[in-house]
Amino acid sequence: MQVTISINGEPIIREIEPALLLVHFIRDTPGLTGTHWGCDTSNCGACVVQMDGLPVKSCTVLAAMAEGHEIRTVESLEVDGVLDPVQQGFHEEHGLQCGFCTPGMLMTARALLDANPNPSEEEIRTAISGAICRCTGYSNIVRAIRWAAEHESAAAPRS
Amino acid sequence: MIAGGHSLLPMMKLRLANPELLVDINDLEHLGYIREQDGQVRIGALTRHYELLESELLGRHFPVFADAERVIADPVVRNRGTIGGSLAQADAAEDLSAVCSALRAEVVIAGSGGERVVSMEDFHVGPYTTAIQDAELLIEIRIPVRAGAGSAHEKVERRAGDWAIVAVSGALWLNGGTIADAGLALSAVGPTTIHATRAEDHLRGKAPSEELFAEAGAIAAEDCRPTADGRGPVDYKRHLAGELTRRALRRATERARGQEG
């Protein structure tokens, strides 16, 4: 079947098997291997992307179900060489070690801050409770998201 | 039929489900709503978990929903999963089936011949089996709004976001100082959601008290049918069934009293 899926604002048209998962559709697109394919059981959260602004686990969405929807991946965060505040926060607060969970963490964090610009530590921990970091850097990840929240509120509102 | 897909796709990956054809119903956006109508709260089958959690209307009438939603999977999964999918999956360990059973909900099933309304009691036919026939679709959940209501959901899980070891949904409707009606349903302690009807009968017409809740808990623990598995042995699950029944009734009563006052 042929599908058209908008990824980071660009329509991708491709002939696919109906059973193809969204995570594989994304990763099979040149330049978009930032989204990670982890547990494949909707537990680990490495594959989280945004679908119409909401974080979803792309290993548990069929590519065909994303037709007509707006997908946003980790590659969309950096614009013209400027890191998104959540990326900068992960850098500043050492929010990653091996980096495998990072794309999902970043997209989950981005969606959290878009909905709630000043989340408490508890709200952050709830938001990322569907994402597993096996380097166990949760404390640093929480600090990284707080860093982003503080620096975003200080800067101009994001468009 | 695929909605949120967070039960069906994992089953397909495990080859437990092998559909030849999938119909994606996510575009039926008119099936996503929560509204009050004709003395009922009506919930469209395509309403997502996060919408149930955030609903002010549900929070006011049936706080049991928010209790359950906070412990169903994780926030990202809750962005996709739907109430219709949860009920139609009919997993005995699933939380919303217990919530809807305790609240005496009815479901609306639509087919080419029209619509029919089925009680939760008749909806659960067996493990992973419901009253929905071929070429039919679950479209709405209806919950009667009655005075003096209080409700709560209690769950013990191995880790955050896991399926329940045992979960209990409790609802009661107070009239003056007595329990006019009670609803009790248990998850993960039988082949389907367990309706604790004998415990409900025991509660009806009596004044709420710790002793009464303990008695109802003992009856529910006796009437459920847990099996030993990786989540624990039978006696532990029966113990949880009793204790969680007590806790759910205690909290439901506090809420009903808050609402009355």
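The dialogue below goes through some features of a predicted model and how to read them.

Q: What do the predictor's scores say about the complex and about chain B?
A: Since this is a predicted model, local features need pLDDT of at least 70 and side-chain atom pairs count only at pLDDT 80 or more, while totals for chains, interfaces and linings use all residues. Residues are numbered from 1 along each chain as its sequence is written, and chains are lettered from A and ligands numbered from 1 in the order in which they are written. The term pLDDT is the predictor's confidence in each residue, from 0 to 100. For chain B the average is 96, and 99% of the residues score at least 70. The complex has an ipTM of 0.92 and a pTM of 0.94 from the predictor.

Q: How many helices and strands does chain A have, and in what order do the elements run?
A: Helices (H or I, at least four residues) and strands (E, at least two) are DSSP runs, numbered from the N terminus. Chain A has five helices and five strands. Read from the N terminus, the order is β-β-α-β-β-β-α-α-α-α.

Q: How does the radius of gyration of chain A relate to that of a compact globule?
A: The radius of gyration is taken over C-alpha atoms, and the globule rule is 2.2 Å times the number of residues to the power 0.38. For 159 residues the rule gives a value near 15 Å, and chain A has 15 Å, which agrees. The C-alpha trace of chain A spans about 45 × 35 × 25 Å along its principal axes.

Q: What is the result for chain B, with its 261 residues?
A: A compact globule of 261 residues would be near 18 Å, and chain B has 18 Å, so the value agrees with the rule. Its C-alpha atoms fill a box of roughly 55 × 45 × 35 Å, taken along the principal axes. Chain B has eleven helices and eleven strands.

Q: What share of each chain counts as buried?
A: A residue is buried if 20 or more other C-beta atoms lie within 10 Å of its own, exposed if 12 or fewer, and partly exposed in between, with C-beta atoms placed from the backbone. In chain A, 47% of the 159 residues count as buried. In chain B, 49% of the 261 residues do.

Q: Is Gly68(A) buried or exposed?
A: Gly68(A) has 12 other C-beta atoms within 10 Å, so it is exposed. It sits in the loop between β4 (54-57) and β5 (70-72) of chain A. Its C-alpha atom is 8.7 Å from that of Val3(A), which is 65 residues apart from it along the chain.

Q: What span should helix α5 of chain A have, and what covers its buried residues?
A: The expected span of a helix is 1.5 Å times one less than its number of residues. Helix α5(A), residues 138-154, has 17 residues and should span 24 Å; its end C-alpha atoms are 24 Å apart, which agrees. Its buried residues include Ile141(A), Ile145(A), Trp147(A) and Glu152(A). Two residues are in contact if their C-beta atoms, placed from the backbone, lie within 7 Å. The cover of the buried residues of α5(A) includes α2 (85-92), α3 (102-115) and α4 (121-127) of chain A.

Q: Why is strand β10 of chain B described as largely enclosed?
A: Seven of the ten residues of β10(B), residues 178-187, are buried, so the rest of the structure largely encloses the strand.

Q: Which strands pair with β10(B)?
A: Two strands pair if DSSP finds at least two bridges between them. Strand β9(B), residues 164-175, runs antiparallel to β10(B), with nine bridges joining them. One bridge links Trp173(B) to Asp181(B). The hairpin of β9(B) and β10(B) has two residues between the strands, and Gly176(B) in the turn has a positive phi of about 65 degrees. Strand β11(B), residues 194-195, also pairs with β10(B) in the antiparallel sense, over two bridges. Here Ala185(B) has His195(B) as its bridge partner. That hairpin has six residues between the strands, and Ala188(B) takes a positive phi near 70 degrees.
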